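Take a walk through this structure, one region at a time. Keep the sequence and the model side by side as you read.

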Amino acid sequence: MKQAKIISLLKNSIVVLVIIIILSTIQTYTLHQTKKFGSVDFYDIDGHIFSIIISIISFLSTYLSWKIISKIYTQRIIKIGMTFLLALLIFSIMVSVYYVLYRYLIYNFSTSINMIIGNIVFGITMNHLYISGYTIAYLHFSNSKKLAVNIEHLEKEKEVFKSKMLQKNLEPHFLFNNLSILSSLIKKKPDEVETFIDNFSDVYRYYLKHNQKEIVTLSEEIKFIKSYILLIQKRFNNAYIIHIKIENELGYILPCSLQLCIENAIKHNYGNENNPLEVYLERIEDTIIIKNKLKPIETNTSSYIGNQYLKDQYKLLFNCTLEFEKTETEYFVRIPIIK
């Protein structure tokens, strides 16, 4: 890959060098012919003013051509080539009109066709090739940079949309699980229904309030997790035990990120009251670590929606990497704390 870039750079450098040599040769020959057949002083004030105006005409003709051609052609090579040809035509017309008016109004001289043609050739070789080339190069790279920014913006919008869709997929999943628990309690433990509804209301209220936010305080998220743990206990009794070992609650975190990790641990691992699955949440410096022993449920399949959502959101919003690690005996999730 690196070698290919070097070869490409050498080829482009050779092309640029050849173009410079050709243009320099044409310019030198033009100066030689002009001096041979005329008495032009290239150092007088009038000559400088004339050259500046010719350069302005060259720039305007090229810029106008670029705008016209850009509306017709999109392919890079064709657009550059057609812009150059159209600019050449417009420049020749404009510089001829200027040259005739200049000679007539300043010196009251008439102008022959041969003089007009000579002036066009002189203006093209002395000014237009350089000015037009630089202008086209600038417009091309400026347009490419703008296009790159637009593409990056579209990619970011696409990722935002993708994350929102993942988020929408998580909401009905959460509702379904807890409504199932509620249905079971109504049949088996009706006296616990009211407490469950209160806890569920607290959890879902938090979800509705914060799921559209990019960030929440760690203390808010932990308070939410404690309410969520009560739902877990109602659903599984003591089959799944959640330990929170976080003393320092300073910092910020993605809303519902800890809940998703706990839910994934429960979904993919077996636990019962005699042999419960224990999930630990602890803070080490600026990272929250969620870990649990591996007790995989063999028949369980996963779409990894939750993990993908968390990874995308942290990358998109904070440019941080969420780490998932699986050893032979344990599973770890490392969530960076945002300061």
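## A helix pair and what surrounds it

Helices α5 and α6 cross with a left-handed sense. The model shown here is predicted. Two packed helices are described by the angle between their axes and the distance between the axes. For α5 (residues 193-210) and α6 (residues 218-236), the axes come within 9 Å. They cross at roughly 140 degrees.

Which residues meet at this crossing? From α5 come Thr195, Phe196, Asn199, Phe200, Asp202, Val203, Tyr206 and His210. From α6 come Glu220, Glu221, Phe224, Ser227, Tyr228, Leu230, Leu231 and Lys234. Sorted by class, this contact has eight nonpolar residues, four polar ones and four charged ones.

Pick out one residue from that list. Ser227 sits in helix α6. Is Ser227 buried or exposed? Its relative accessibility is 18%, under the 20% cut-off, so Ser227 counts as buried. Leaving aside neighbours within four places in sequence, Ser227 is in contact with Asp202 and Val203. Both of these residues are on the α5 side of the crossing.

Now step back to the whole chain. It has eight helices and seven strands. Of its 339 residues, 35% are buried. Consider also the contacts between residues at least 6 apart in sequence. Among these, 74% join residues at least 24 apart.

The largest nonpolar core has 46 residues. Which of them have the most contacts inside this core? They are Ile253, Leu258, Leu281, Ile288, Ile290, Tyr314 and Ile335. Helix α6 supplies the largest share of this core, with eight residues. A second, separate core has twelve residues, including Ile57, Phe91, Val95 and Ile124.

Leu322 lies in the loop between α8 (305-318) and β6 (323-326). Not counting residues up to four places away in sequence, Leu322 touches Leu310, Lys311, Tyr314, Arg334, Ile335 and Pro336. Take Leu310 from that list. Leu322 and Leu310 are twelve residues apart in sequence. In space they are 7.4 Å apart, C-alpha to C-alpha.

Stay in the loop between α8 and β6, where Asn319 is also found. Asn319 has a positive phi of about 55 degrees, although it is not a glycine. Its relative accessible area is 57%, and exposed means over 50%, so Asn319 is exposed.

Asn108 gives another case of positive phi. Its phi is near 60 degrees, and it too is a residue other than glycine. Where is Asn108 found? It is in the loop between α3 (76-107) and α4 (113-188). At 58% relative accessibility, Asn108 counts as exposed.

Finally, look at the aromatic rings. The structure holds eight aromatic pairs. One of them, Phe59 with Tyr63, is stacked: the centres are 6.1 Å apart, with 25 degrees between the planes. Both residues lie in helix α2 (residues 45-70). They are four residues apart, about one turn of the helix. Phe59 is partly exposed, with a relative accessible area of 38%. Tyr63 also counts as partly exposed, at 35% relative accessibility.

Tyr102 and Tyr107 form an edge-to-face pair. Their ring centres are 5.8 Å apart, and the planes are 75 degrees apart. Tyr107 has 36% relative accessibility and counts as partly exposed.

Note on methods:
Residues numbered from 1 in each chain as written. Predicted model: local features only at pLDDT ≥ 70, side-chain atom pairs only at ≥ 80, totals over all residues. Heavy atoms only, no water. Helix = DSSP H or I, 4+ residues; strand = E, 2+ residues; numbered from the N terminus. Contact = heavy atoms within 4.5 Å. Phe/Tyr/Trp six-rings, centres within 6.5 Å; stacked < 30°, edge-to-face > 60°. Buried < 20%, exposed > 50% of the residue type's maximum accessible area, 1.4 Å probe, protein only. Axes fitted to C-alpha atoms, helices over the stretch in contact; angles between N-to-C directions. Left-handed = near helix turned anticlockwise from the far one by under 90°. Nonpolar A, V, L, I, M, F, W, Y, C, P; charged D, E, K, R; others polar. Core = buried A, V, L, I, M, F, W, Y, C linked by side-chain atoms within 4.5 Å.
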